Amino acid sequence: MPAYHARMSLDDSPIHAVVFDMDGVICDSEPFLRAATQEMFRQRYQADVAEAEFLPFTGAGDDRFILGPGESRGLAMNLADDKALVYQLYLRQIRGRLRSVAGVGEFIQRCRRAQLKLAVASAGDAVRVRGNLRELGFGELTFH
């Protein structure tokens, strides 16, 4: 199979669909998720959780990212309630601040003009993915 150059015309490509990862490809939302989770720990458990405590749980999905530092500290957490608060804080944090990775918006537009099917894959929960897409101006119809 030939290697495809980034400047290749998508119209003449044998590619029919593109799947984007959320974090690191479309945007970098992890700092916002970490800040929201740190705030949840302060509010619910009066605990200051350092950035480094999240590293073993990075990329493991939102449940592990949120629960991991607390479990490491021996906290008895309530995932449903804690996650609801994290997402409430998270959606406030990204408002007006979350940015897409340079060039991704233009690439998405090129893909749409070429009538490619577009999808998003993420270890993050749908509420966070949808919030990110909304904040970045990519409506749900952008991705099928």
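Predicted model: local features only at pLDDT ≥ 70, side-chain atom pairs only at ≥ 80, totals over all residues.

Biologist: How many disulfides does the structure hold?

Modeller: The structure holds zero disulfides.

Biologist: Turning to pockets, what volume does the largest pocket have?

Modeller: The volume of the largest pocket is about 190 Å³. Its lining consists of 15 residues. Those nearest the centre of the pocket are Asp 23, Glu 30, Gly 59, Ala 123 and Arg 128.

Biologist: And which classes of residue make up the lining?

Modeller: The lining of the largest pocket comprises five nonpolar, five polar and five charged residues. Helix H1 (30-45) and helix H2 (62-72) each contribute at least two residues to that lining.

Biologist: You mentioned Asp 23 and Arg 128. What do their side chains form?

Modeller: The side chains of Asp 23 and Arg 128 form a salt bridge, at 3.3 Å from N to O. Arg 128 belongs to helix H5 (residues 126-136) and Asp 23 to the loop between strand S1 (17-21) and H1, so this pair ties together parts that are 105 residues apart in sequence.

Biologist: Are these two residues buried or exposed?

Modeller: Arg 128 is buried, with a relative accessible area of 6%, whereas Asp 23 is partly exposed at 23%.

Biologist: Which residues are linked with them in a network?

Modeller: A network of salt bridges links Asp 23, Asp 62 and Arg 128.

Biologist: How many salt bridges are there in the whole structure?

Modeller: A search of the whole structure finds ten. One of the salt bridges joins Arg 34 and Glu 51, whose closest N and O atoms are 3.8 Å apart. Arg 34 is in helix H1 and Glu 51 in the loop between H1 and H2, 17 residues apart.

Biologist: How accessible are Arg 34 and Glu 51?

Modeller: Arg 34 is buried, with a relative accessible area of 13%. Glu 51 is partly exposed, at 49%.

Biologist: What about Glu 53, which residue does it pair with?

Modeller: Glu 53 forms a salt bridge with Arg 73, with 2.8 Å between the closest N and O atoms. Glu 53 lies in the loop between H1 and H2, and Arg 73 in the loop between H2 and helix H3 (79-94), so the pair ties together parts 20 residues apart in sequence. Glu 53 counts as partly exposed at 25% relative accessibility, and Arg 73 is partly exposed at 39%.

Conventions: Residues numbered from 1 in each chain as written. Heavy atoms only, no water. Disulfide = S-S within 2.5 Å. 1 Å grid on protein atoms, 1.4 Å probe; cavity = no way out; pocket = protein on both sides within 12 Å on 5 of 7 lines; lining within 4 Å. Points joined across faces, edges and corners; volume = space filled by probe spheres on them. Helix = DSSP H or I, 4+ residues; strand = E, 2+ residues; numbered from the N terminus. Nonpolar A, V, L, I, M, F, W, Y, C, P; charged D, E, K, R; others polar. Salt bridge = Lys/Arg side-chain N within 4 Å of Asp/Glu carboxyl O. Buried < 20%, exposed > 50% of the residue type's maximum accessible area, 1.4 Å probe, protein only.
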